[in-house]
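Welcome! Have a look at the model before reading on.

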Amino acid sequence: MFDKLAEIEKRYEEIDSRLGVPEVVNDVPLYTQLLKEYRSLTPLVEKYREYRRAEDACGEAKELLECETDPELREMAQQQWNENREVMDRTAEELKILLLPRDPDDDRSVIMEIRSGAGGEEAALFAADLYRMYAMYAAAKGWKCEILDESGTELGGFREIQFSLEGEGVFAKLKYESGVHRVQRVPETETQGRIQTSTVTVAVLPEVEDVEIEIDPKDLQIDTFRSSGAGGQKVNKTSSAIRVTYLPLNMVVECQDERSQYKNKDRALKILRSRLYEKKRQERDDEIAAERRSQVGTGMRNERIRTYNFPQGRVTDHRIGLTLYRIDALMNGDLDELLDAVRAYDMAEKLRAGTSEA
């Protein structure tokens, strides 16, 4: 492992020196590529250097223990050795996790799809709550959030909403959110105070460029229709809504949020490309899972991954057995503790699986 880390540090230093060369700075594609690699290696190199500093300090303490006779100095040297040995052990484990193969999609932006499930209007209202939660989290991270399509209800819920989140490392943060989210609370429509259980499905799709997923125009059927909605001024009186059907898979995408046919078509194709890419990604993951199934993965859409219990003020992630009693903060977009815990668990499971196979 440490031979590999030494090679990575050498590459890191090489990139660092190249980033200051005028020819590289003026070559925008090359500079961007090197800067991206430099940033991806920085956490690993910094952790490796922390390990080496602790290792050097341990060596110095050991020399003192071997040649020093003064009891007070020996006690100080022993304390220095103990403290730095702990740092070495901790950083060695962290380095193993950082050396795990990165998901090639981690740096991508995402398209998220939220659909109401069991529970009627209450499920639609919770779908709107989840959209708000992710939008607030995105705002806190400085990501751009844009609604691509929505199907609303009269009470302000969503039967379905599709939106993009653009920023650095969005997929890495949110890829574990795919699955069934269950809510337990007293609905606004309930007059007798009874708690209802409803479900919402969330899908997180890596956003892809046109060149990454080629679509033959002959495989597309494109229809126009009038926008529909919960009523009010937003309902369009012209046939600007677009329905795109990918014929080989009978995959249908609709977009009606914009008043322009062109914009709706562009958004529909954007969603379609991401769905096709996700299908290819899922096929790849299934091949890996046939050999070794991850405990967390990215979550299947039919798996219940989380419960939001409002009367008890708790959120429970069933995949890792974590319960947090601060539902208000979570629903207001304070998600880092929960998302980081799921990600850390998944990495630990992959590390454990890799160790058992070695």
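Glu160 and Arg115 pair up in a salt bridge, with their closest N and O atoms 3.2 Å apart. This pair connects distant parts of the chain: Glu160 sits in strand β3 (residues 158–166) and Arg115 in strand β1 (residues 110–116), 45 residues apart. Glu160 is partly exposed at 25% relative accessibility, and Arg115 is partly exposed too, at 22%.

A salt bridge is a side-chain nitrogen of Lys or Arg within 4 Å of a carboxyl oxygen of Asp or Glu. Helices (H or I, at least four residues) and strands (E, at least two) are DSSP runs, numbered from the N terminus. Partly exposed lies between buried (under 20% relative accessible area) and exposed (over 50%), using a 1.4 Å probe and protein chains only.

The model is predicted: local features need pLDDT of at least 70 and side-chain atom pairs 80 or more, while totals for chains, interfaces and linings use all residues. Residues are numbered from 1 along each chain as its sequence is written, and side-chain values use heavy atoms, leaving out hydrogens and water.

| Salt bridge | N to O distance | Helix | Separation |
|---|---|---|---|
| Arg11 and Glu14 | 3.1 Å | α1 (residues 2–18) | three residues |
| Glu94 and Arg90 | 3.4 Å | α4 (residues 71–98) | four residues |

Arg11 is partly exposed at 26%, as is Glu14 at 37%.

How many salt bridges does a search of the whole structure find? The search finds 31.
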